[in-house]
Amino acid sequence: MGIKRQDGSGRQFKRFQIELLVAFAAIIMIITFFLDYVILDRSGRAMQQNASNLIAANSRQIELNINSYLERMKTIPTLLFSDETYYLYDATDESIDSYDKVKNEESILNRIVDIGLMENYSDFGIVYSNDHTVGWISHGTMDLFPEGGEYEAFSAYAVNPKTDDGWCFGIGGKTDCIYYIKRLNPNAILVSSTYTRELSSVFVHPEQLQEMTIRLVNDEDVVMYSSDTGEIGKTLPENILSVFRGEKPGADEKRRLSSSAVTDDLILNSNECENGWRVICSVPLDSILRENHDLRTFIFRVSIVMAVIFVLVGVFLIRNLSRPMDSMVTSLHEKAEMDRLSGVMNKTAFQETIESRLTEKKKGDLSVFVIMDMDNFKLINDRLGHAYGDQVIIRVGELLRKSYDQDTLIGRIGGDEFAVYTECAVSFEKEGSMAEAVSRARKIVMQTVTEQMDKVMSAFTSEFKREHEKCELSVSSGIYVTSEETAVRTENKDGVKEDFQSIYKKADYALYISKRAGKSQYTVYEEGKEDMHV
């Protein structure tokens with residue numbers, strides 16, 4: 001009997017061990033499922049939400065870029081309204097004799113050439129109701145109308161009753177251009193266009209969203225531009241179109257300007273531009289959750305082997321799930337932050353943005369970098385107090401924002417030091433004419449820059465007249481414009497492209513010359529000359 005009791009006790013102990021193992025295995029499975037379906041799913045939703053927010057922010061930025069780009073296309077043609085000759089002339093008027101027609105059209109053509117240098121237009125000309133044209137209308141556009149009728153075709157798009165203008169895309173099956181139409185008089189319309197490939201400069205996305213597809217869609221749901229070039233000219237894919245179908249408002253409704261959606265396989269965001277076109281961004285859901293899926297499989301395998309390791313590794317990895325997205329959002333936020341005092345870009349964001357633009361700069365393009373430093377600013381703080389000095393910084397920021405357009409980068413790079421940066425794209429028809437095109441463009445840019453600086457310095461003198469009387473406050477500037485040789489070669493003599501430090505150093509040297517020459521003036525940097533003119 002004693003032996004039987006021992007055997008029974010042994011069986012009970014083994015049973016207890018088995019039950020313990022089963023319970024332990026059950027606990028492992030419960031922990032696994034808990035981590036898998038609760039914590040990881042919650043983390044996946046957080047990643048999805050963070051990605052959705054990032055996509056929405058990027059889509060909004062692209063919308064602003066598009067609006068700015070289209071506004072430039074609309075603003076530049078308005079320069080034709082500076083003289084009645086340009087917009088009232090009617091080539092169909094038979095009462096005008098031949099000589100006057102030639103003189104009028106020559107004047108209009110010269111004006112169009114001057115205006116056209118401001119942008120990289122593929123078309124920029126006036127079409128009259130008899131299909132006569134003045135300006136440059138590309139062969140690609142003219143070939144769309146072998147039997148005439150271009151005036152009738154284009155004028156049909158000037159549908160805005162307030163501004164007599166409009167946009168068109170895909171006319172005659174031509175999908176490589178976006179056209180802007182502006183009516184000048186009852187028998188004349190301005191036709192301007194740019195290549196859709198030019199939009200690549202405004203369609204940017206973070207490195208974290210490499211698989212994102214960005215589209216620009218017109219009000220007929222036709223894709224005008226896409227990072228997937230195979231979609232251009234086609235109707236928006238049905239799986240995306242079905243999500244946003246029905247958003248177009250009725251006569252008494254307002255269109256929803258921004259909307260987001262998540263389908264079984266995509267994260268989507270749509271933003272409407274000012275002219276009714278839409279920016280639609282989409283990212284495969286799998287690409288966002290790929291890391292989460294891999295982590296789920298890893299945790300499941302490890303948890304079956306050892307509960308403790310499962311918990312430790314699981315907690316460690318789960319804690320790290322939110323870090324990439326948090327750091328990503330934080331990084332983008334920091335880069336987007338403006339200098340709180342002056343209201344312009346802070347030094348870090350200003351420098352990084354310029355370095356990015358210089359990296360992407362094309363052969364022949366010109367850079368303009370201006371450093372502005374306040375003279376005797378220390379006397380403001382010493383005599384009037386630091387609080388007053390802060391107000392001066394705020395006023396300088398406001399003055400610069402009013403003086404420059406939205407395409408110009410403005411940054412505060414020091415206590416009383418500001419800088420501005422802009423670029424000019426140079427168009428040329430053939431390789432042999434690049435140097436000449438750059439030379440002509442640089443002369444125009446130099447004239448524009450100096451005229452702008454004269455206005456800025458005059459505005460500064462007027463704004464700070466009281467401070468100048470009390471503390472001799474003024475502003476000195478140094479200006480750097482890409483030389484013709486550097487623009488044509490895209491690299492300097494040492495084989496290095498322009499970078500922030502190199503253009504800063506040259507503008508800073510020009511600023512030094514201004515300071516040395518008596519302050520309250522600006523100096524243009526000249527390559528290879530130690531003593532520059534003031």
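The model is predicted; local features need pLDDT of at least 70, side-chain atom pairs count only at pLDDT 80 or more, and totals for chains, interfaces and linings use all residues. Residues are numbered from 1 along each chain as its sequence is written, and side-chain values use heavy atoms, with hydrogens and water left out. The protein has 15 helices and 15 strands; helices (H or I, at least four residues) and strands (E, at least two) are DSSP runs, numbered from the N terminus. Of its 534 residues, 43% are buried. Buried means under 20% relative accessible area, exposed over 50%, and partly exposed in between, with a 1.4 Å probe and protein chains only. Among contacts with a separation of 6 or more, 62% are between residues 24 or more positions apart; contact means heavy atoms within 4.5 Å.

**Nonpolar cores**

- The largest nonpolar core holds 37 residues, and Met 372, Met 374 and Leu 400 have the most contacts inside it. A nonpolar core is a set of buried Ala, Val, Leu, Ile, Met, Phe, Trp, Tyr and Cys residues joined through side-chain atoms within 4.5 Å.
- Two or more residues of this core come from each of β11 (366-375), α10 (377-384), α11 (386-403), β13 (417-424), α12 (434-463), β14 (474-481) and β15 (522-524).
- The most residues are given by α12, with 10.
- Leu 400 is in contact with Met 372, Ile 410, Phe 418 and Val 456, leaving aside neighbours within four places in sequence.
- Another core, of 31 residues, lies apart from it and includes Ile 55, Leu 199, Phe 203 and Leu 209.

**Ser 477**

- Ser 477 sits in strand β14 and is buried, at a relative accessible area of 0%.
- Leaving aside neighbours within four places in sequence, the contacts of Ser 477 include Val 370, Ile 371 and Met 372, as well as Met 453.
- Also in contact with Ser 477 are Ala 510, Leu 511, Ser 514, Gln 521, Tyr 522 and Thr 523.

**Helix packing**

- Two packed helices are described by the angle between their axes and the distance between the axes. Axes are lines fitted to C-alpha atoms, for helices over the stretch in contact, and angles run from 0 to 180 degrees between N-to-C directions.
- Helix α9 (residues 347-360) packs on helix α15 (residues 500-516) at about 110°, with the axes 9 Å apart. That makes α9 roughly perpendicular to α15; angles under 35 degrees count as roughly parallel, over 145 as roughly antiparallel, 65 to 115 as roughly perpendicular and the rest as oblique.
- In this contact, α9 supplies Phe 350, Gln 351, Ile 354, Glu 355 and Leu 358, while α15 supplies Phe 500, Gln 501 and Ile 503.
- By class, the contact of α9 with α15 has five nonpolar, two polar and one charged residues. Ala, Val, Leu, Ile, Met, Phe, Trp, Tyr, Cys and Pro count as nonpolar, Asp, Glu, Lys and Arg as charged, and the others, Gly among them, as polar.
- The angle between α10 and α11 is about 140°, with their axes 7 Å apart, and the two helices are therefore oblique to each other.
- On the α10 side, Phe 377, Ile 380, Asn 381 and Leu 384 meet His 386, Tyr 388, Gly 389, Val 392 and Ile 393 of α11. These residues divide into six nonpolar, three polar and no charged.

**Aromatic pairs**

- The structure holds 17 aromatic pairs. Rings of Phe, Tyr and Trp (its six-membered ring) pair if their centres lie within 6.5 Å; planes under 30 degrees apart count as stacked, over 60 as edge-to-face and the rest as tilted.
- Tyr 89 and Tyr 128 form an edge-to-face pair, with ring centres 5.7 Å apart and planes at 85°. Tyr 89 is in the loop between α2 (84-88) and α3 (98-116), and Tyr 128 is in strand β1 (residues 123-128), 39 residues apart.
- Tyr 89 is buried at 5% relative accessible area, and Tyr 128 is buried at 0%.
- Phe 369 and Phe 500 are also edge-to-face, with centres 5.8 Å apart and planes at 85°. Phe 369 lies in strand β11 and Phe 500 in helix α15, so the pair ties together parts 131 residues apart in sequence.
- Both Phe 369 and Phe 500 are buried, and together with Phe 350 and Tyr 504 they form one aromatic cluster.

- Asp 164, not a glycine, has a positive phi near 50°. Asp 164 is in the loop between α5 (150-155) and β3 (165-169) and is partly exposed, at 36% relative accessibility.
- Lys 519 has a positive phi of about 70°. Lys 519 is in the loop between α15 and β15 and is partly exposed, with a relative accessible area of 33%.
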